[in-house]
Amino acid sequence: MILIDTSSWIHLLRPDGDKLVRARVEAILQAGEACWCPVVRLELWNGAGGSREKKVLRDFEQLLPELAVTEEVWGHACDLARKARAAGVSVPATDLMIAACARVHGAALEHADSDFDMLGDIA
């Protein structure tokens, strides 16, 4: 499974999205490997603009597996936040949750967000 972050979904949903990111997301979807988590779903709904985007999100809700935000995910997110802060890295709480969700569920993470790059070196 590959957890697709909001940053990559936005490139897919917007006509002017980065073509390379769009191609990565499309390949993941075609391979049947795509999933999301409640935080990504919320971020996408919060930014959904037109009826086309809303329809796509409703379709995703029916089709995409959703990785649960469990107590283990919460704990891992808090631990990741502590380690990031100790390393001098400041990352939004939503990105910490998304990264933790991917790690706990053993999913790869597709993103177009440098915050996740900074988290990559933090175990």
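Leaving aside residues up to four places away in sequence, Asp115 touches Ser90, Val91, Pro92 and Asp95 in this predicted model. Asp115 belongs to helix 7 (residues 114-119). Although Asp115 is buried, it has no salt bridge. The nearest side chain of opposite charge is that of Arg85, 11 Å away.

A second residue to look at is Thr6, which lies in helix 1. Thr6 counts as buried because its relative accessibility is 8%, and the cut-off for buried is under 20%. Its contacts, again without residues up to four places away in sequence, are Val40, Glu43 and Leu44.

How much of helix 1 (residues 6-13) is buried? Six of its eight residues are, so the helix is largely enclosed by the rest of the structure. The buried positions are Thr6, Ser7, Ser8, Trp9, Leu12 and Leu13. The cover over these residues includes strand 1 (2-4), strand 2 (34-35) and strand 3 (108-110), together with helix 2 (19-30), helix 3 (38-47) and helix 4 (51-63).

In soluble globular proteins, nonpolar side chains tend to be buried together.

| Residue | Residues touched |
|---|---|
| Thr6 | Val40, Glu43, Leu44 |
| Asp115 | Ser90, Val91, Pro92, Asp95 |

For the protein chain as a whole, the secondary structure comes to seven helices and three strands. Their order along the sequence is β-α-α-β-α-α-α-α-β-α. Of contacts between residues at least 6 apart in sequence, 69% join residues at least 24 apart.

What radius of gyration does the protein chain have? The value is 14 Å, which agrees with the figure near 14 Å for a compact globule of 123 residues. The C-alpha trace spans about 40 × 25 × 25 Å along its principal axes. Of the 123 residues, 40% count as buried. The chain exposes about 6700 Å², and carbon and sulfur atoms supply 54% of that area.

Notes: Residues numbered from 1 in each chain as written. Predicted model: local features only at pLDDT ≥ 70, side-chain atom pairs only at ≥ 80, totals over all residues. Heavy atoms only, no water. Buried < 20%, exposed > 50% of the residue type's maximum accessible area, 1.4 Å probe, protein only. Helix = DSSP H or I, 4+ residues; strand = E, 2+ residues; numbered from the N terminus. Contact = heavy atoms within 4.5 Å. Lys, Arg positive; Asp, Glu negative; His and termini not counted. Salt bridge = Lys/Arg side-chain N within 4 Å of Asp/Glu carboxyl O. Rg over C-alpha atoms; globule rule 2.2 N^0.38 Å. Areas by Shrake-Rupley, 256 points an atom, 1.4 Å probe, with all protein chains shown as cover.
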